[in-house]
Amino acid sequence: MKSKQSGITLIGFLIVLIVAAFFGYMAMKLVPAYAEFMGVNKAMNQVASGGMEGKTLEDIRRDLMFKMGFQYVDDATIKPKDITIDRKNNAAQLHISYDKRIPFMYNIDFLLHFEKSVALQGNVGY
């Protein structure tokens with residue numbers, strides 16, 4: 001009495017393993033950049049909720065860079081020129097826009113663009 005075997009072959013298993021390893025490697029490269037962006041979000045919210053009375057743009061940049069140090073944001077990731085204050089509808093907004101380039105393999109890189117705005121509390125004296 002013969003029974004028919006079913007399942008994946010060794011070649012099929014290797015192909016599935018290679019595809020899974022490729023996407024796993026891609027995730028290993030990309031997840032830290034998104035975790036860093038979450039740290040930027042948290043630092044921006046902390047700075048925005050603090051008192052802004054009489055602070056200049058340089059003071060806000062300094063405070064934000066200090067807070068991002070506690071969130072494990074790399075100093076090379078965000079430059080002071082990436083941090084701006086915009087006025088929209090008579091309200092000040094802290095705005096960050098930066099790019100992060102991540103080498104992937106050979107001459108293939110990922111270019112991630114991050115952008116975030118947070119409303120500032122109080123009057124900013126810039």
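1. A definition to start with: two strands pair if DSSP finds at least two bridges between them. Helices (H or I, at least four residues) and strands (E, at least two) are DSSP runs, numbered from the N terminus. Please keep in mind that this is a predicted model, where local features need pLDDT of at least 70 and side-chain atom pairs count only at pLDDT 80 or more, while totals for chains, interfaces and linings use all residues. Residues are numbered from 1 along each chain as its sequence is written, and side-chain values use heavy atoms, with hydrogens and water left out.

2. Let us begin with the sheet. Three strands make an open sheet in the order S1-S2-S3, and their pairing is antiparallel. Strand S1 (83–88) and strand S3 (108–119) are at the edges with a single partner strand each, so one side of each has no neighbour in the sheet. On average, neighbouring strands here are turned by 25° against each other, direction ignored. For angles, axes are lines fitted to C-alpha atoms, for helices over the stretch in contact, and values run from 0 to 180 degrees between N-to-C directions.

3. Next, the pairing of S1 with S2. Strand S2 covers residues 91–105 and is joined to S1 by six bridges, the two running antiparallel. Ile-83 has Ile-96 in S2 as its bridge partner, and Ile-85 stands opposite Leu-94 in S2. The two strands form a hairpin with two residues between them, and Asn-89 in the turn has a positive phi of about 55°.

4. How many bridges join S2 to S3? There are 12, and these strands also run antiparallel. Leu-94 faces Val-118 in S3. The hairpin of S2 and S3 has two residues between the strands, and Tyr-106 takes a positive phi near 50° there.

5. Helix H1 (residues 10–49) touches S2 and S3, and its direction makes about 160° with that of S2. Helix H2 (residues 57–70) touches S1 and S2, with its direction at about 125° to that of S1.

6. Here is a pair to look for in the viewer. Leu-57 is found in helix H2. Leu-57 is partly exposed, with a relative accessible area of 22%; buried means under 20% relative accessible area, exposed over 50%, and partly exposed in between (1.4 Å probe, protein chains only).

7. Now for the charged side chains. Side chains of opposite charge can pair when their charged atoms come close. The structure holds five salt bridges, each being a side-chain nitrogen of Lys or Arg within 4 Å of a carboxyl oxygen of Asp or Glu. One of them links Glu-36 and Lys-100, whose closest N and O atoms are 3.2 Å apart. Glu-36 belongs to helix H1 and Lys-100 to strand S2, so this pair ties together parts that are 64 residues apart in sequence. Are Glu-36 and Lys-100 buried or exposed? Both Glu-36 and Lys-100 are buried.

8. Another salt bridge joins Arg-61 and Glu-58 (3.0 Å, N to O). Both lie in helix H2, three residues apart, about one turn of the helix. Arg-61 counts as buried at 15% relative accessibility, whereas Glu-58, at 45%, counts as partly exposed. Asp-82 and Lys-81 also meet in a salt bridge (3.6 Å, N to O). Asp-82 counts as buried at 12% relative accessibility, while Lys-81 is exposed with a relative accessible area of 66%.

9. Finally, please look at the surface. Ile-8, Leu-10, Ile-11, Phe-13, Leu-14, Ile-15, Val-16, Leu-17, Val-19, Phe-22 and Phe-23 form a nonpolar patch with about 1,100 Å² of accessible area together. Patches are made of residues with over 30% relative accessible area and no salt bridge, with like charges joined within 9 Å and nonpolar side chains (Val, Leu, Ile, Met, Phe, Trp, Tyr) within 5 Å. Accessible areas come from the Shrake-Rupley method with a 1.4 Å probe, and for residues only the protein chains shown count as cover. Val-16, one of the patch residues, lies in helix H1 and counts as partly exposed at 48% relative accessibility.

Conventions:
Contact means heavy atoms within 4.5 Å.
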